[in-house]
Amino acid sequence: MSEDIAVMINGMPGPMALETAKVCLNRGYKVVPVGFTGPNQPAEITVEGDTDSKVVKLSPGPGLSPDAENILKKVKEDYPNIILVDYTHPSAVLNNVKAYVESNCDFVMGTTGEDPSKIQTLFSPGSNSAVIAPNMAKQIVAIQAGLLAMVKRFPSSFSGYTLTVTESHQSTKADTSGTAKAIVSHLSELTGEKFGFEQIQMLREKEKQLSFGVPEAHLRGHAYHTYSLVSADGSTSFQLQHNVCGRRVYAEGTADAVDFLNQVRAGRPEKRLYNMIDVLESGQMS
């Protein structure tokens, strides 16, 4: 039941966290009235859903305030089955994961930019569960899963082809797209050639983004990716493209991950750490 799900949204007033809060509110989840934020942020924010609204007090998160751990402890006491959603900043991830583990709070993390092995090291000693994924859009994750299946069934099927990758995101996104990195890892196995993440062309300047086809109305929130494979003689080319305007598709997937965690912990989970492919395979999607 959606009304049984309580979520704490961390990272507001950031647009991804805010969009996720709106989706959770629309689905009838209990959006708790407090959330962690970064430095120099407003004291509170009003989340406006389609038919409801919620005022959320914003407090500096772990590593920024000594009060953060006590706030999380109080939230856990008030909402024993709380699920945290993390769309903060790469610099906050490790402190947040440490706090989530120590407070035994299940969480969904879409924040990218931190070393996954460091997250795993902090997460492993705990007993909580989590969905951690660089991309929460179900459809894009399904494409990634399809590419992984190609790698397993048809390795080096694009041997001799040259891979080029261009990704464009809003100028505030500091790191290279985690989705681009994941897809590149699959495509490079199909070509049999190493492709360093530094070879991914990042577009963050307005004029370059417009030339890439990004609508001006969505410069502040978009994800345009193009992956091109060209044969050695240039006679044959293949292209994979996924273009997203806005953030709703990611927010809907994040809410699906929250619902998935709620269902998983009701049984006897086989493991603690999940990704969006697990969510897709479970069928727990709205």
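Let's start with Asp256, which lies in helix α8 (residues 248-264); helices (H or I, at least four residues) and strands (E, at least two) are DSSP runs numbered from the N terminus. This is a predicted model, in which local features need pLDDT of at least 70 and side-chain atom pairs count only at pLDDT 80 or more, while totals for chains, interfaces and linings use all residues. Residues are numbered from 1 along each chain as its sequence is written, and side-chain values use heavy atoms, with hydrogens and water left out.

Asp256 has 0% relative accessibility, so it counts as buried (under 20% relative accessible area; exposed is over 50% and partly exposed is in between, with a 1.4 Å probe and protein chains only). The side chain of Asp256 makes a polar contact of 2.9 Å with that of Lys138. Such a contact is a pair of N or O atoms within 3.5 Å; within protein, one must be able to donate a hydrogen and the other to accept it, and residues adjacent in sequence count only if both atoms are side-chain atoms.

Now for the parallel sheet. Six strands form an open sheet in the order β2-β1-β6-β7-β8-β13, with parallel pairing; two strands pair if DSSP finds at least two bridges between them. At its edges are β2 and β13 (273-274), each pairing on one side only. Inside the sheet, four bridges link β1 and β6 in the parallel sense, and Ile9 stands opposite Val85 in β6. Helix α1 packs on this sheet, touching β1, β2 and β6, and its direction makes about 165° with that of β1. Axes here are lines fitted to C-alpha atoms, for helices over the stretch in contact, and angles run from 0 to 180 degrees between N-to-C directions.

What surrounds α1? Nine of its 12 residues are buried, so the helix is largely enclosed by the rest of the structure. Among the buried ones are Met16, Leu18, Val23 and Cys24. After α1 comes Gly28, with a positive phi near 90°.

Two of those covering strands, β4 and β5, pair in the antiparallel sense over five bridges and are joined by a hairpin through four residues. Val47 has Lys54 in β5 as its bridge partner. In a regular strand the side chains alternate between the two faces of the sheet. β4 shows a covered face of Ile45 and Val47 and an uncovered one of Glu44, Thr46 and Glu48.

A further open sheet has four strands, ordered β10-β9-β11-β12, with mixed pairing. β10 (201-203) and β12 (237-245) stand at the edges with a single partner strand each, so one side of each lacks a neighbour in the sheet. Direction ignored, neighbouring strands are turned by 10° against each other on average. Strands β9 (residues 162-169) and β11 (residues 222-230) run antiparallel and are joined by eight bridges, with Leu163 opposite Leu229 in β11.

Last, the cysteines. The whole structure has zero disulfides, a disulfide being a pair of cysteine sulfur atoms within 2.5 Å. For Cys105, the nearest cysteine sulfur, that of Cys24, is 16 Å away. Cys105 counts as buried at 0% relative accessibility, whereas Cys245 counts as partly exposed at 35%.

Terms used:
Contact = heavy atoms within 4.5 Å.
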